[in-house]
Amino acid sequence: MSGIVLLALCWQMLQPADGDLDYTSQAEGMHLQGDVSITGLFPLHYTDGPNGAPALVPCKEGRPNKHGFHLLQAMRFAVEEINNKTGLPSLLPGVKLGYQMYDICSVPASILATLDLLEQQYRDPYSEGDTHSNSSNSQNTIAVIGPDSSSKSFTPAALLGTCLLPQISYEASNEMLSNKKFYPAFFRTIPSDKNQVTAMIQILVRFNWTWIALLGSDNSYGLQGMQSLSQQASAHGICIAYQGVIPSSRDDTVQTMRKMVQSILTTQVSTIVVFSSKTKFSGFLPFVLEQNITNKVWIGTEDWSVATLISGIPGIHTIGTVVGVSVKYEPIPGFEEFEMRVIETSMKRTQEGSNDTMSTDSICLQSIDLYSLARNNYTLEKYDISSSFNVYKAVYAVAHALHQMLGCDSGRCQSTNVKPWELLSSLRQVQFYLGNTSVYFDVNGDPPTGYDIVSWIWRGTEWSLRTVGLFTPDPITLIIDAEKIEWHGDGKTVPQSLCSPPCPTGHKKLLTGQHPCCFDCQACPAATFLNESDPTTCQPCHLEQWAPPSSAQCLNRTVILLAWDAPLSIALLFFLAMVLLMTTSSAVILLLNLNTPVAKSAGGRTCLLMLAALTATAMSSLCHFGQPSPLACILKQPLFIFSFTVCLACITVRAVQVVCIFKFASKLPPIYDKWAKKNGPEVTIFLISITILLISVIRVAISPPRPSQDLDFYPDSIVVECSNTLSIGSGLELAYVSLLSVLCFSFSYMGKDLPANYNEAKCVTFSLMVYMISWISFFTLYLISRDSFTMAAQVFATLFSVLAFLGGYFLPKIYIIVLRPQMNTTAHFQNCIQMYTMNKK
């Protein structure tokens with residue numbers, strides 16, 4: 001019911017201005033009687049419809065359209081090839097294809113032709129009062145080939161879809177026509193604009209043209225294409241600086257088009273994408289030439305980029321470089337010869353004076369005959385052949401569907417009774433080859449074909465097309481040979497179309513407007529990097545990584561530790577071995593000479609305790625090598641502090657004893673005798689040592705050192721060390737040892753004038769000075785550096801402190817024991833004491 005209402009409304013709206021319709025025009029070459037008939041809708045003229053109501057303008061009043069003529073010829077050629085069995089053998093044996101052609105010079109003409117076709121299809125040929133029909137010539141149509149554009153296809157596709165009458169368009173590419181809910185009977189042999197938009201975006205991406213202007217014609221083809229491209233552009237980093245709709249060229253749109261051209265110049269884009277029909281764009285280009293726009297790259301659609309209607313505009317060669325999408329070229333064997341025969345026939349008829357005048361009642365439909373058009377002797381361009389091949393494919397698709405339906409595999413078709421809706425299901429299943437081209441339709445009625453990428457070539461004012469690449473939609477693949485394109489300028493340099501030049505590596509984008517393509521650049525600071533997924537934000541590196549300023553990636557930090565196999569470590573280990581050898585040798589020598597005067601004056605058995613403490617002090621340096629372990633962190637500082645304190649305590653107590661004996665013997669209270677005779681010195685050494693041990697144990701218990709990583713001292717390195725190196729507890733330890741060192745120095749200095757065998761003031765002072773200088777140097781270095789050299793400096797300070805006391809205190813005594821045994825006698829020592837006593841008196 002809805003279909004009948006729609007037909008009635010369209011019929012009332014599209015009544016011609018004058019004259020009745022001649023449904024059975026006898027125009028020569030426009031009609032062929034057959035067993036089954038195909039209708040062709042072709043634009044044989046250019047006309048612009050009037051403003052207001054869509055009343056029909058007679059097509060013969062328009063300019064002849066050579067492209068439409070070639071399309072019509074392609075359909076005639078395909079039908080005759082099938083009927084004459086010159087193509088695929090026995091495709092429709094025993095069945096003759098017929099056709100009738102309509103000139104659809106405008107959208108109203110396309111709608112009217114469809115209504116005329118449906119009226120023929122469903123009227124009763126035997127009804128009384130039917131003054132329009134001619135039963136001998138009228139025949140039912142099983143399929144429609146055309147129309148040539150999306151604008152002319154929407155209404156016919158909807159009307160034909162209500163009757164399930166198959167329609168195959170050769171140039172209507174609007175992706176909305178793929179909607180089977182609204183256009184169930186629509187097919188096409190040209191790719192959908194969905195693929196064309198993808199191809200154009202891939203071209204922009206290929207040449208990094210991100211700052212563009214987008215123009216579209218004021219019809220469904222241009223508007224839908226513009227919308228689709230603008231929706232997808234942002235996902236590929238493409239910014240549309242200006243977007244405009246090209247109106248029809250009329251007196252009232254002149255200023256509009258001039259403003260559009262001025263807006264394009266204002267945006268300073270170098271690339272302009274034009275999604276327009278050739279007729280609309282041809283009316284806009286004179287205003288481009290008027291403003292002398294040159295040095296631009298124009299990205300064109302398949303409708304205008306290969307059309308001679310555009311390339312033939314005077315002065316068009318100055319607009320710059322044109323790169324366009326084109327329907328894949330496939331030659332039609334024998335087609336040019338077929339057209340030549342038609343032209344020869346038309347010329348012969350002219351010479352014979354044949355009268356081809358049409359009836360005055362046929363001014364609206366089929367109002368011209370084939371031979372009147374052929375006398376213009378149109379050239380056959382590559383563009384015409386590409387589109388003609390689409391018509392050729394459409395006719396063969398119908399023929400193959402009929403072949404399946406009519407059971408023609410046996411050598412003769414079994415029937416000629418075909419219903420359009422039956423053919424519809426067969427069309428969905430056809431698959432065959434024409435030359436090297438596979439022909440079939442997907443679920444949306446679209447062909448799975450791609451495009452050629454073409455470029456305009458000029459030799460002076462002579463125009464030609466050059467295929468420079470290809471595009472396939474599944475999978476999406478674009479191949480372009482940029483060297484084949486003759487760019488404006490020097491011909492070799494690809495033009496740039498950018499709002500802002502790309503940022504240097506490691507610089508983030510600071511947007512300066514509404515478009516993400518317009519930005520300033522700012523270097524990423526240190527310890528951050530620029531991720532390609534987010535070019536506007538500098539992202540921080542992981543803790544274990546670092547990055548210098550202006551980085552595009554983070555680098556792993558250098559791990560700083562005193563590795564066992566490092567050359568510096570090996571040298572220190574040799575030094576440690578030498579120190580241990582010296583302390584051990586000294587201990588052995590003193591042990592063997594423990595009862596000699598030199599050994600007794602040095603402290604007797606206390607010397608062995610001092611040497612053991614010095615050995616432990618040296619061994620504590622092993623905790624500084626390699627990857628820190630929990631045990632090494634716990635032992636490293638307390639072991640050094642405790643063992644070194646034991647050594648200082650022994651020297652201090654011995655210095656006190658010597659000073660008291662020689663200087664204060666008569667003044668000492670009785671308690672001193674008790675202290676000296678009842679193991680007072682040993683107890684004192686023990687108390688001093690146990691105190692520092694308790695401090696160290698408490699410190700470790702409260703804040704235990706653990707292996708840690710210092711990530712803050714160096715931006716590019718990780719210092720592997722023990723935690724809590726500097727704390728209140730370690731400060732107390734340092735203060736305690738410092739105080740003991742001062743006492744040791746003081747008591748030793750008080751004995752500077754004692755007998756030589758008991759005077760260690762100079763040696764102890766020297767040892768303490770070396771000790772202090774070593775550690776002051778280390779702490780100074782530690783505050784400014786934490787590298788492996790600083791770690792080695794701590795080991796060196798430890799060993800050098802040991803070596804200082806070993807050399808300052810023990811080495812003179814070892815020298816006497818080993819090399820000057822005559823001085824290691826009781827007599828010698830008594831003589832020294834007598835001399836000291838005599839000097840004091």
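## Basis of the model

The model is a predicted one, in which local features need pLDDT of at least 70 and side-chain atom pairs count only at pLDDT 80 or more, while totals for chains, interfaces and linings use all residues. Residues are numbered from 1 along each chain as its sequence is written, and side-chain values use heavy atoms, with hydrogens and water left out.

## The chain as a whole

The secondary structure of the protein chain comes to 23 helices and 27 strands, where helices (H or I, at least four residues) and strands (E, at least two) are DSSP runs numbered from the N terminus. Of the 841 residues in the chain, 51% are buried, a word that stands for under 20% relative accessible area, with exposed meaning over 50% and partly exposed in between (1.4 Å probe, protein chains only).

The chain exposes about 38200 Å², and carbon and sulfur atoms supply 58% of that area, as given by the Shrake-Rupley method with a 1.4 Å probe. Among contacts (heavy atoms within 4.5 Å) between residues at least 6 apart in sequence, 71% join residues at least 24 apart.

Six strands make up an open sheet with mixed pairing, in the order S1-S5-S2-S6-S7-S8; its edge strands, S1 (31–32) and S8 (186–188), each pair on one side only. Two strands count as paired if DSSP finds at least two bridges between them. Strand S2 (residues 36–42) and strand S5 (residues 97–103) run parallel and are joined by seven bridges, and Thr39 stands opposite Gln100 in S5.

Helix H12 (residues 382–405) lies across S2, S5, S6 (141–145) and S7 (167–169), and runs at about 155° to S6. For such angles, axes are lines fitted to C-alpha atoms, for helices over the stretch in contact, and the values run from 0 to 180 degrees between N-to-C directions.

## Ser500, in a loop

Ser500 is found in the loop between strand S18 (476–480) and strand S19 (507–511), and is buried, with a relative accessible area of 12%. Leaving aside neighbours within four places in sequence, Ser500 is in contact with Cys517, Cys518 and Phe519. A polar atom of the Ser500 side chain lies 3.0 Å from the backbone nitrogen of Phe519.

## Leu639, in helix H17

Leu639 has its place in helix H17 (residues 630–663) and is partly exposed, with a relative accessible area of 28%. Not counting residues up to four places away in sequence, Leu639 touches Ala616 and Ser620. Leu639 and Leu693 are 54 residues apart in sequence, and their C-alpha atoms are 9.0 Å apart in space.

Definitions and conventions:
A polar contact is a pair of N or O atoms within 3.5 Å; within protein, one must be able to donate a hydrogen and the other to accept it, and residues adjacent in sequence count only if both atoms are side-chain atoms.
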